[in-house]
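Trainee: Could we go through this structure together? I would like to begin with its sheet.

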Amino acid sequence: MSLNKQLEKVYQSKWNELIRNGNKMIDEILNDSCDFNCCFNDISSKEIKGNKKLKNIPSNPLLLKVNENELENADIKVMIFGQETFGWHRFGTPLLEEMDSYEKYYYNTKKTNKFWSHGVDFFKNNLTEYYKEKGKTVTYLWNNISKMGRYQDNVGVPKNIRDLERQYFHSIVKEEVKIINPDIIIFLTGNRNNDIKFNFENVTFEDIHYNATLKSKNGKKNFKKAQKIILEDFKHIKCVKLYHPSFFGGFNNIKEDALNFLLEFK
């Protein structure tokens, strides 16, 4: 079975329950807001974005669709996790359409926010160059440690959305890793250790420190060290965790330590 068919099968196994219970939750949010007398599909995106009472409406989950040829032929596979989508598609968008949207966005859309330009590109550029000198090719995949976030450009994962994912869309991240089988995982997830533990269950975090300065230039902020992550069910995968790139000072101070740790990988 192809990689994308395997992913589709995993998503489909939980899809109907997720959509049914997510729609129930959205109906409750709409009823509590007292501003809308209609169903979710009749409300425009603009109305949702402009209404604070609706900020906890979930997005559709992030569903991967990969370049199978690229993955199968690469010497090194790297999966890079962010936190959650900053807005994503309307909840209830069909599964295959959502997978197609990932493919279009990841492979064919120019991305300029800090997660991509400061975070992903830093690791891509350095790892690609390192392995090129060794005669090896590298391919990359984007993922999020929280598969669902708020709809319409609202950052963060509130309790109702996290509970929805954990109850009805659990184990998805672990299954994606099992299918893709990356050599390296980079968690640009900051303080989301609990989400990592939820998705992988048996996890160990170990601080790593090479040359990073752990104080800001003015001495007012202390930065946490990058961390090596051991996933007990995937011990062959080299994993590192550090700040999300939107925390510019912390990320910049420890990113070289994280990279140095990965470059020890043979």
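Mentor: Let us begin with a term: two strands pair if DSSP finds at least two bridges between them. Please also keep in mind that this is a predicted model.

Trainee: In what order do the strands of the open sheet come?

Mentor: The order is E2-E1-E3-E6-E5-E4, with 6 strands in an open sheet and mixed pairing. Strands E2 (138-144) and E4 (203-208) are the edge strands, each pairing on one side only. On average, neighbouring strands are turned by 25° against each other, direction ignored.

Trainee: How many bridges join E3 to E6?

Mentor: There are 4 bridges between E3 (residues 184-187) and E6 (residues 238-241), and these two strands run parallel. Opposite phenylalanine 187 stands lysine 241 in E6.

Trainee: And which strands does helix H8 touch?

Mentor: Helix H8 (residues 193-200) packs on the sheet and touches E3, E4, E5 (226-231) and E6. Its direction makes about 140° with that of E4.

Trainee: Changing topic: which residues have the most contacts inside the largest nonpolar core?

Mentor: They are Phe123, Ile186 and Phe200, in a core of 84 residues. Helix H1 (residues 3-33) gives the most to this core, with 11 residues.

Trainee: What does isoleucine 186 touch?

Mentor: Leaving aside residues up to four places away in sequence, isoleucine 186 touches several residues, among them Val78, Phe123, Leu127 and Leu262.

Trainee: Now H4, please. Which of its residues are buried?

Mentor: Leu95, Glu98, Met99, Tyr102 and Tyr106 are the buried residues of H4. Seen down the helix axis, they fall within an arc of 100°, so they line one face of H4.

Trainee: What does the face turned away from the buried side carry?

Mentor: That face of H4 carries the exposed residues Lys104 and Asn108.

Note on methods
Residues numbered from 1 in each chain as written. Predicted model: local features only at pLDDT ≥ 70, side-chain atom pairs only at ≥ 80, totals over all residues. Heavy atoms only, no water. Buried < 20%, exposed > 50% of the residue type's maximum accessible area, 1.4 Å probe, protein only. Arc of directions from axis to C-beta. Core = buried A, V, L, I, M, F, W, Y, C linked by side-chain atoms within 4.5 Å. Contact = heavy atoms within 4.5 Å. Axes fitted to C-alpha atoms, helices over the stretch in contact; angles between N-to-C directions.
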